[in-house]
Number of protein chains: 2
Amino acid sequence: MATIEDVAKLAGLSKTTVSRVINNQPYVSEEKKQLVLEAMKQLGYVPNSSARSLRNQKTEIIAVIIPRVMNPFFGQFVESLEIVASQYHYQLIVCQTLYSAKKELDYLNLLKTKQVDGVIMTTLLNGWEAVEPFLEYGPIILCNEFDEQANVPMIHMDQNYGGYVATKHLIDQGYNKIAFCCGNVNSNVSRAREEGFRKALREAGLYLPEQYIFRNVFTFEDGKNVLRKMMEMVEAPTAVFTGSDEVAAGMISESKRLGVRVPEELAVVGFDNQAITELMEPMITTVNQPVKEMGHLAMEVMMEKIKTRRYKEREVHLLPLTLIVRDSSKLANYNVY
Amino acid sequence: MATIEDVAKLAGLSKTTVSRVINNQPYVSEEKKQLVLEAMKQLGYVPNSSARSLRNQKTEIIAVIIPRVMNPFFGQFVESLEIVASQYHYQLIVCQTLYSAKKELDYLNLLKTKQVDGVIMTTLLNGWEAVEPFLEYGPIILCNEFDEQANVPMIHMDQNYGGYVATKHLIDQGYNKIAFCCGNVNSNVSRAREEGFRKALREAGLYLPEQYIFRNVFTFEDGKNVLRKMMEMVEAPTAVFTGSDEVAAGMISESKRLGVRVPEELAVVGFDNQAITELMEPMITTVNQPVKEMGHLAMEVMMEKIKTRRYKEREVHLLPLTLIVRDSSKLANYNVY
């Protein structure tokens with residue numbers, strides 16, 4: 001493999017001059033520049049980005065940390081980040097933690113070791129105090145997940161409202177034995193949704209038995225399992241806030257197998273408004289999260305922070321959630337669509 | 001931010017010695033090593049990976065290039081790569097091309113600029129002649145996609161058989177007007193499936209009208225659109241090989257809306273055996289691709305190639321495909337499950 005020395009030799013110029021051309025620095029005549037470029041081409045020489053980034057400190061790569069590529073919510077988010085990143089000629093690399101706090105720190109290290117220019121985090125598996133020191137090395141944006149202490153840009157949705165509006169809808173339909181599912185227990189997203197859920201129950205004077213609460217529920221399979229557990233109860237719930245379209249789809253599928261009618265015997269509400277909500281039968285009532293908008297905004301904010309280099313300031317962007325009522329929870333006019 | 005000079009000064013040692021400690025090189029006494037580490041700790045000095053990788057040339061990062069994070073086939077693949085990478089203390093970064101050939105080359109550049117130790121490619125949007133030069137900089141493994149010219153390890157499935165066995169099944173059920181969908185037209189995967197599809201028709205003496213062929217069909221929405229087009233034909237197909245579970249699900253959903261009965265009026269066969277095939281009603285007949293096994297094997301092969309540094313050799317690993325018959329194509333005993 002050709003080295004910088006080989007290029008200098010062939011071009012008949014000093015290593016310093018070659019290096020200047022590679023790093024796009026001033027004070028090199030156009031003639032010398034051409035000689036260097038020609039020599040590089042002849043020798044097939046490729047400047048090592050490690051050497052280059054030692055100088056200009058830019059990688060033009062953004063990392064996004066998500067829990068699972070398989071979750072379509074994060075899949076859509078990543079796709080929308082990618083589109084904006086391309087417009088700025090940035091590359092996006094996707095890092096998945098599979099909910100491991102250690103992996104989250106390992107990927108944050110890409111910032112510390114200057115392999116990326118910025119990091120977008122969608123979960124916070126470590127405490128903020130563990131993440132904050134990485135801000136020394138570049139911008140971090142919190143997206144979807146949020147934290148009271150975090151002194152960075154945050155883009156998220158009003159999850160409390162999401163939990164509330166979906167539960168209120170169930171209560172308005174006449175359901176009064178309502179179960180609750182959530183994913184990651186340490187997440188502020190889960191916590192806020194649960195608060196909204198409990199607020200709606202409280203307003204209606206409804207009681208929430210401990211056994212109606214299911215945590216760490218993420219996948220189709222988890223949905224099937226929870227449904228079986230609910231149906232084994234002496235007093236089974238008649239409605240469920242699942243916190244996830246995947247979980248809701250798993251429950252509806254398992255309901256069919258067990259002969260439980262949705263929504264007559266069990267109303268099911270999802271979360272995210274994924275494509276699957278319109279493919280299932282009955283179609284799934286859900287809470288729409290503006291995930292594309294979140295992705296666009298996150299990347300725009302990142303680009304601005306890289307440019308201005310002022311990113312250690314708390315800055316909150318709140319995006320709206322909307323309830324979408326479909327047949328999985330519509331008692332009155334079920335089958336009318 | 002502390003520099004290597006600061007560390008040398010505080011430790012009372014030369015920069016060369018500090019550098020030796022950082023890069024884990026020999027000929028440094030344990031005593032000096034401790035002095036350096038202590039100084040680094042006091043100053044909060046972090047060795048720049050760019051500087052480090054100039055020497056040891058290892059990043060312990062593997063990149064995987066996939067078309068879309070949103071496609072659950074690639075999502076599962078990435079998850080299974082991640083699990084094996086972790087066991088080897090490697091990080092995995094995911095790069096999505098959204099089917100852009102330019103992006104594919106941009107991401108391959110991560111290898112050239114030594115930001116990753118190896119690349120796993122799942123599609124080949126450029127000709128092999130455009131990819132091959134990158135082999136100068138590290139191992140590339142072709143996974144899922146394959147190429148006759150490629151002189152690298154390849155792990156893929158017998159897609160010709162997949163196309164054949166699914167179509168043969170439709171013919172055996174009595175269907176004789178069978179449409180064909182595929183995704184990326186330039187892919188050898190699509191080409192091989194089409195060959196298998198045509199082989200089955202040929203053996204049965206069936207004719208394939210040009211209008212029964214749909215290319216560049218990827219998503220739920222695409223499935224819905226193709227279904228509408230098929231149903232508008234004077235002589236509509238009575239069965240369809242979709243090449244994708246997502247497309248199949250979209251078609252079944254749209255069939256319901258239009259009152260087309262599956263499988264009585266239209267048999268639908270998917271591809272991949274994704275979770276959605278068991279959630280839809282009717283459940284979807286599909287071809288199982290051993291995607292987890294492919295992921296495991298790909299990462300194991302990558303680790304071996306990084307270790308042995310011998311990777312410019314053609315090496316083919318073929319994994320089996322299996323037809324899974326469900327209700328979306330079962331005429332005789334429909335509803336028996």
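Predicted model: local features only at pLDDT ≥ 70, side-chain atom pairs only at ≥ 80, totals over all residues.

Student: Let us begin with the interface. How many residues of chain A are in contact with chain B?

Tutor: An interface may be read first by its contacts and then by its area. Here 51 residues of chain A are in contact with 50 residues of chain B. The two chains bury about 4400 Å² between them, and 59% of that area is on carbon and sulfur atoms. On the side of chain A, Met70(A), Glu79(A) and Leu279(A) lose the most area to chain B, together 14% of what that side buries.

Student: How many polar contacts and salt bridges are found between the two chains?

Tutor: There are 17 residue pairs in polar contact across the interface of chain A and chain B. The number of salt bridges between these chains is 6. Several elements of chain A give two or more residues to this side, among them helix H4 (49–56), helix H5 (72–87), strand S2 (91–96) and helix H6 (101–112). H5(A) gives the most, with 8 residues. Sorted by class, the side of chain A that touches chain B has 24 nonpolar, 15 polar and 12 charged residues.

Student: Glu79(A) was among the residues named. Is Glu79(A) buried or exposed?

Tutor: The relative accessible area is the value to consult. For Glu79(A) the value is 17%, so the residue counts as buried, the limit being under 20%. Glu79(A) lies in helix H5 of chain A. Leaving aside residues up to four places away in sequence, Glu79(A) touches Arg68(B), Met70(B), Gln96(B) and Leu98(B). In the other chain, Glu79(B) forms a salt bridge with Arg68(A), at 3.0 Å from N to O.

Student: Which salt bridges lie within chain A?

Tutor: In one, Glu254(A) meets Arg228(A), the closest N and O atoms being 2.7 Å apart. Glu254(A) belongs to helix H11 and Arg228(A) to helix H10 of chain A, so the pair ties together parts that are 26 residues apart in sequence. Glu254(A) is buried at 3% relative accessible area, whereas Arg228(A) is partly exposed at 30%.

In the other, the side chains of Lys305(A) and Glu315(A) meet at 2.8 Å, N to O. Lys305(A) is in helix H13 (residues 291–308) and Glu315(A) in strand S11 (residues 315–319) of chain A, 10 residues apart. Lys305(A) is buried at 6% relative accessibility, while Glu315(A) is partly exposed at 22%.

Student: I turn now to the strands. Which way do the side chains of strand S4 of chain A point?

Tutor: In a regular strand the side chains alternate between the two faces of the sheet. In strand S4 (residues 140–143) of chain A, Ile140(A) and Leu142(A) point one way, Ile141(A) and Cys143(A) point the other way, and all are buried. Strand S3 (residues 118–121) of chain A pairs with S4(A) in the parallel sense over 3 bridges, and Ile120(A) has Ile141(A) as a bridge partner. S4(A) also runs parallel to strand S5 (residues 153–157) of chain A, joined by 2 bridges. There, Cys143(A) has Ile155(A) as its bridge partner.

Student: In what order do the strands of the open sheet in chain A stand, and which are at the edges?

Tutor: The order is S7-S6-S8-S9, with 4 strands and parallel pairing. Strand S7 (213–214) and strand S9 (267–269) of chain A each have a single partner strand, so one side of each is left without a neighbour in the sheet. Strand S8 (residues 239–241) of chain A is joined to S9(A) by 3 bridges, and Phe241(A) stands opposite Val269(A).

How values were computed:
Residues numbered from 1 in each chain as written. Chains lettered and ligands numbered in written order. Heavy atoms only, no water. Contact = heavy atoms within 4.5 Å. Buried area = accessible area lost by both parts, 1.4 Å probe. Salt bridge = Lys/Arg side-chain N within 4 Å of Asp/Glu carboxyl O. Polar contact = N/O pair within 3.5 Å; in protein donor to acceptor, adjacent residues only side chain to side chain. Nonpolar A, V, L, I, M, F, W, Y, C, P; charged D, E, K, R; others polar. Buried < 20%, exposed > 50% of the residue type's maximum accessible area, 1.4 Å probe, protein only. Pairing = 2+ DSSP bridges.
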